[in-house]
Structures are given as C-alpha cells and as structure tokens.
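I opened the model today to note its overall build and then one residue. My entries follow the structure.

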Amino acid sequence: MNQIIIHVDMDAFYASIEIRDHPELKGLPLIIGSLPSERGVVATCSYEARKFGVHSAMNIKEAYRLCPSGIYRRPNMEKYRAISSQIREIWKSYTPLVETVAFDEAYLDVTDQVNNFEDARKIGLEIKEKIKQKTGLSCSVGIAYCKTAAKTASEEDKPNGFFEIPTPKDFIDLIIDRDVRVLHTVGQATAKKLYSYGIKTVRDVRENSETVINLFGKQGQLIVNFAFGIDERKVIPYRPEDAKSISREVTFQQDVTNYDLLKDILVLLSLCVEKRAKQHGLSGNGITLKITYADMKGITRSKRIFASNSAALIWKEAVKLLDKVDKRPVRLIGVGIHDLSIDENRQVSVADILSNDTENRDKEISHLLMKLENRYGLNFTENLEKIYKADTLHKTVEYMRKHF
Ligand SMILES: [Mg+2]
C-alpha cells in the first residue's frame, strides 16, 4: 500500500493561543488547565513550563509542586474551538481525507492529490504557512509513508517543526535504537511490562516479536508491526453525521421490576458507551436514558451534560433520570450520549480540566464494579473487554437478572 500521509500538530495549542492574545505571557511558564487550588489536570502548557517537567494530563497539584512560579489559567474552550475550526478548514482545502484526532491534531491523506513526495512537501509547507497567516500560530508537520511514521515525524522537530520519513527504511533507521515508547500505542503501562522482559528498544521488540505478541495479543501485533515500519491503517475522516449519538441498550428475556437491578445494568451500559466514545475521541454534551416498558410503551429522558465520555458520569446522570420515571415493569433499557463533539484531547476532557478529577471518577467506576462483583459473583473488572461485545453483554445481563 502506497500512502502519503501528512500529520499536523499544533504546538502547545491552548497555551500558544493565550500567548498570542496576551503577549505579556510570552517567555513565561504558562499552564492552562485547572487552577492549583482546584482538583484537575494540566490541559496544555507552554514550552517554558515543560522545562520544569510539567506536561499535559498531569495532576495540577503535581504541576504546581514542580513549577510554583508558573502562571495558571483556566482554558477558554469557546475560543479554542473557533480557532480549531479555522484550522480544520485549511486542512480540508487540501484533501477530503482528514482524520481529526484531537482539537489541534490531524492526519491528512494526500496520496491522491500528489504525484510524489516532493509535491507532498509543498503541501506540508503550505499548510504551515497558511495556519500561521490565518491564526498566528505555529504547528509541526510530519510527512511519511504511513500514519505512525507521520506522527513520529511531526514530533521529531517540534515546535514549528517540519520532518519527513519517506520510506520504512528511513523510519526504522530513525527509531531502531530508541526506547520502545517511541512506538505509538506503547504507553507507560505497556512500556513497564516490556522493560520487565528486558525489551527496552525498538530493536529489542524486533528481536522478541513473539514475546511481545504473546504478552499483548492484538496490541502486541500492532507494536511489532510498527517496529518493522508496517502500518496499513487508513486515514478515516470524521464526519459528524456518522456519529450523532453513541448508545447501548439491552432487552430482557423477562420483564424487570427491580429498579436496583436496572441501576446495576446501567453501570455496564455506561462503560460500553464510554468505550466507544473514547475509541472515536468523542464526548457527549447530553445524555439519554431510554426505557421500553412491558406494554411496549417507550420513553426517553435526556439531560445536558458538560462534554464528557466518562462512564461514571454517564451512569450517575442516567440513575438520576431513572429515579424519576414511572416504576413499571421494564422490557428494554438503554443509555447514550448525544450532541457529540470531538474530545479536545484524547486523554484530557474538558470535564477533567475543570476540576472533576479523572482519578476520582476511575475510582468511582472500580468501586461500582467491585460492588457488582460482590453481588453477582462475576469478575467484571477482568472480563470488561468481553462485556463490550453484544452477546456477552446480553448473557451477563441475563445472568444478573436471574441472580439478583
Ligand atoms: Mg498539539
């Protein structure tokens, strides 16, 4: 497969916007996120703040410990969103195949627009120039033969970078002796596990590919492929009409009259919704509870939420809605999020930044799952991946219904 992919990533996006609009902040360690007095995380920080070890998704208290002299500002999402759509217009003027992975980051497949790498280089440079002209902001551009190499390329020369990786050989030469974390999909936890097997560099991955696949299955195969410079993933354009809402529902074999059981089942449904939303990098601005009663009469109840895809939050709001409905026998229950927007940052949602503590919410979900485990004697935590599948979800729900 011959592809030419451009990866564009804005440099310290939120922080750069604030510096553009408040030039007095230039050269200072600027941290955008929650305030140190609140609970929350860093969304973005300036390069000066990075020198202190601050990075995005870091707990704000930790950031403050590292950089007490920093300037802490809350994000102005409305403003960033408007600039993000200006940038997206520029991307889309070059190719319809734009996959937005975050507010400030996208893959562009320009294979059909160019005859050779030279043409792609022109487009890459032009995009940098146009973004600068239109927004006053800098970005980093990577051009390569596949997605993962394009992303590596854009990181290579940051900020205001421009880097090319034309062939798999170029990619491998560049990364072979680097730490495994250079391979995308290798996060902290995966890296730790690899290290414990003595697999520290990309070369080690190549030489121990079987071990890596045995350890991580599907993800392991992806890691090994990347280590050999293979990445056949396509650029998939995000079209809002493809995903107006994300929801999950179950129909019971026998009508359910116990509403506490319904609340337990909503935990699983909320997790399914969270999983899918996160896969697509989407957040909902509203949640919906759907019920069909035994007499086939259906109702839906909705509520606005603040851009979130957290299972804990979805569950909590769904339960509030459930508390208010008529308590008649239920044949079907579902929960979903709608009015979707692209997650500003796949790791950090607006809700995270604005003082709802991610860690806390993860704890809430594990706590809920533990309660379910005790009640039904099933190991939900370890079998979560399976429960996301429709047939296992149905079987599990039926088991819960019978054993409540
Ligand atoms: Mg960025």
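**Overall build**

I checked the radius of gyration, taken over C-alpha atoms. The protein has 23 Å, which agrees with the value near 22 Å that a compact globule of 404 residues would have; the globule rule is 2.2 Å times the number of residues to the power 0.38. The model is predicted, so I noted its limits: local features need pLDDT of at least 70, side-chain atom pairs count only at pLDDT 80 or more, and totals for chains, interfaces and linings use all residues. Residues are numbered from 1 along each chain as its sequence is written, and side-chain values use heavy atoms, with hydrogens and water left out.

I read off the extent of the C-alpha trace along its principal axes as about 65 × 50 × 45 Å. I found 16 helices and 12 strands (DSSP runs numbered from the N terminus: helices are H or I with at least four residues, strands E with at least two).

**Contacts and surface**

I looked up contacts (heavy atoms within 4.5 Å). Among those with a separation of 6 or more, 66% join residues 24 or more positions apart.

I noted that 51% of the 404 residues count as buried (under 20% relative accessible area; exposed is over 50%, partly exposed in between, with a 1.4 Å probe and protein chains only).

**A43**

I located A43 in strand β3, residues 42-45. A43 counts as buried because its relative accessibility is 5%. I also took the C-alpha separation of A43 and G161 as 21 Å; the two are 118 residues apart along the chain.
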